[in-house]
Amino acid sequence: MSESPGRPRAPITEADVLAWLETTAAAVRAGEVSAPELIEILGELRRASAACADASDWALLAAREEGASLRQIAPVFGKGYVRAPAARLEKLHRQAQNSGQWLAILRHKNEGAR
């Protein structure tokens, strides 16, 4: 199955993270990064992780809206079980009924964090 050239890509991949980690680990071993700097990085990574989880939730809602079945979505949750995406959708639907509402929630959350 080929990808269309204009398909949106995730802003970061596992390979990106591993490459960054290898470079950063080498800098730490060389004494070029201090403990306070590592704590700052930790905070940045935790916030980025939360943002990725929010983006994942948006993609889940959007995929369902575009007609994807739970069976199609399940493999990205691991082991092919439909319970994981179904449970996540159920939890998300307590907050937002669709991806547009979820995006509005994220915008509001981001404005509050400023």
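**Exercise 1.** Determine which helix gives the most to the nonpolar patch, and classify Trp-20 by its relative accessibility.

*Solution.* Helix H1, residues 14-29, gives the most to the nonpolar patch, with three residues. Helices here are DSSP runs (H or I, at least four residues), numbered from the N terminus. The patch is made by Leu-18, Trp-20, Leu-21 and Leu-45 and covers about 380 Å² of surface. Patch residues have over 30% relative accessible area and no salt bridge, with nonpolar side chains joined within 5 Å; a salt bridge is a side-chain nitrogen of Lys or Arg within 4 Å of a carboxyl oxygen of Asp or Glu. Areas follow the Shrake-Rupley method with a 1.4 Å probe. Trp-20 is found in helix H1. Because its relative accessibility is 36%, Trp-20 counts as partly exposed (buried is under 20%, exposed over 50%, partly exposed in between).

The model is predicted: local features need pLDDT of at least 70, side-chain atom pairs count only at pLDDT 80 or more, and totals for chains, interfaces and linings use all residues. Residues are numbered from 1 along each chain, and side-chain values use heavy atoms, without hydrogens and water.

**Exercise 2.** Identify the buried residues of helix H4 and the helices against which they pack.

*Solution.* In H4 (residues 83-93), Pro-85, Leu-89 and Leu-92 are buried. Seen down the helix axis, they fall within an arc of 65° and therefore line one face of H4; the arc is that of the directions from the axis to the C-beta atoms. Exposed Arg-83 and Glu-90 are carried on the face turned away from the buried side. The buried residues pack against H2 (35-65), H3 (70-73) and H5 (99-113), contact meaning heavy atoms within 4.5 Å.

Technical notes:
Patch = residues over 30% accessible without salt bridge, like charges linked within 9 Å, V, L, I, M, F, W, Y side chains within 5 Å. Helix = DSSP H or I, 4+ residues; strand = E, 2+ residues; numbered from the N terminus. Buried < 20%, exposed > 50% of the residue type's maximum accessible area, 1.4 Å probe, protein only.
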